[in-house]
Amino acid sequence: MDPSTVSYLTFGIVLILAVVFDLGLLSKKGAPVSIKKALFQTLFWVALAMVFFVFLWLENGHKTAVEYLSAYLMEWSLSIDNIFVFILIFTFFRVKPAFYARVLLIGILMAIFLRILFITAGIVLVNRFHWLLYLGGAVLVYSGISMFLAKHDEGLDMEDNRVYKFLRRLLPLTGEDGGGRFRVIKDGRTKYTTLFVVVVLLATTDIVFAVDSIPAVFGITQEMIVIYTSNIFAVLGLRSLFFLLRGAVDRFTHLQQGIAVVLVFVGLKMLAEIVHVYLPVYVSLLMILVCISSAVLYSLYSGRSKSS
């Protein structure tokens, strides 16, 4: 078998075993997730992603491995913005903590399925129309500048959410959680609960973020194994990261600016290829590390300065 086939098989086996381990041994239905448990689960997914990085280095070479690490770090940092929106959704629909883990799990699995479709379509289109990469670069530059200038505390008005409006028109909804169920019988009719709405919103919200994150991955590499695995590993870690950061997201007030700089950099890197300027993948990795770590450290420093 060629290295790519071995990599896909290894990734699939590791993924199945990891999900079974995470769900079967680390998660109990309805049990609250403590900070300690969330930290352990987060470290588990990050460690697994790093083990796969080592595997890619040995199996496919250092270039593919570094591209994977760069893509994973970028997707992982972008996922923190995902979590901020997830928290707003849970708050708006008054989801009980006992249902957090189950709702997040189903929503994230749906998001992974949709991402795979999105990535596959993107690969087909880019292979046929290479100029789409340059369009993606322009989109990233615009998105990065908009994100940098946007206010961190801008609220999310769920009443104006297009998906929520569509669900209200399409399906009979009830304002109850149904005791953890997605459908209930009320007045002789089947109605969909708030938990069903939240699951759909979690999956579609991730796709909105993927509009930026997937083109950014294409800006780092066109290796299919890297694009798929970096995205899936990052998204799978969202559930534990949610529980770890839900009480501390507001402390990372400048992370948004750090991510924005990364998006602008990747977008410019993609556009530079029009004039045949190609940056080594190590430059992308270094840029991502510097921007994200600086944004996190500055956020923590400025937070302490305000509190003192």
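**Notebook: a walk through the fold**

I read along the sequence first, and the protein chain goes α-α-α-α-α-α-β-β-α-α-α-α-α. I'm working from a predicted model here. My tally of the secondary structure is 11 helices and 2 strands.

Next I looked up the whole-chain numbers. The protein chain has 308 residues, and 48% of them are buried. Its accessible surface is about 15,800 Å², with 68% of that on carbon and sulfur atoms. I also checked contacts with a separation of 6 or more: 78% of them link residues 24 or more positions apart.

Then the strands. β1 (residues 183-186) and β2 (residues 189-192) run antiparallel and are joined by 4 bridges. They make a hairpin with 2 residues between them. In that turn I noted D187, which has a positive phi of about 55°. Across the pair, I185 of β1 stands opposite T190 in β2.

On to helix α10, residues 255-272. I get 18 residues and 26 Å from the first C-alpha to the last, close to the 26 Å expected at 1.5 Å a residue. Is α10 enclosed or open? I found 14 of its 18 residues buried, so α10 is largely enclosed by the rest of the structure.

Last stop, the surface. I picked out a nonpolar patch made of L125, F129, W131, L135 and V139, which together have about 460 Å² of accessible area. I followed up on W131, which sits in the loop between α4 (97-128) and α5 (132-149). Why does W131 count as exposed? Its relative accessibility is 51%, and the cut-off for exposed is over 50%, so W131 qualifies.

Technical notes. Residues numbered from 1 in each chain as written. Predicted model: local features only at pLDDT ≥ 70, side-chain atom pairs only at ≥ 80, totals over all residues. Heavy atoms only, no water. Expected span 1.5 Å × (residues − 1). Buried < 20%, exposed > 50% of the residue type's maximum accessible area, 1.4 Å probe, protein only. Pairing = 2+ DSSP bridges. Patch = residues over 30% accessible without salt bridge, like charges linked within 9 Å, V, L, I, M, F, W, Y side chains within 5 Å. Areas by Shrake-Rupley, 256 points an atom, 1.4 Å probe, with all protein chains shown as cover. Salt bridge = Lys/Arg side-chain N within 4 Å of Asp/Glu carboxyl O. Contact = heavy atoms within 4.5 Å.
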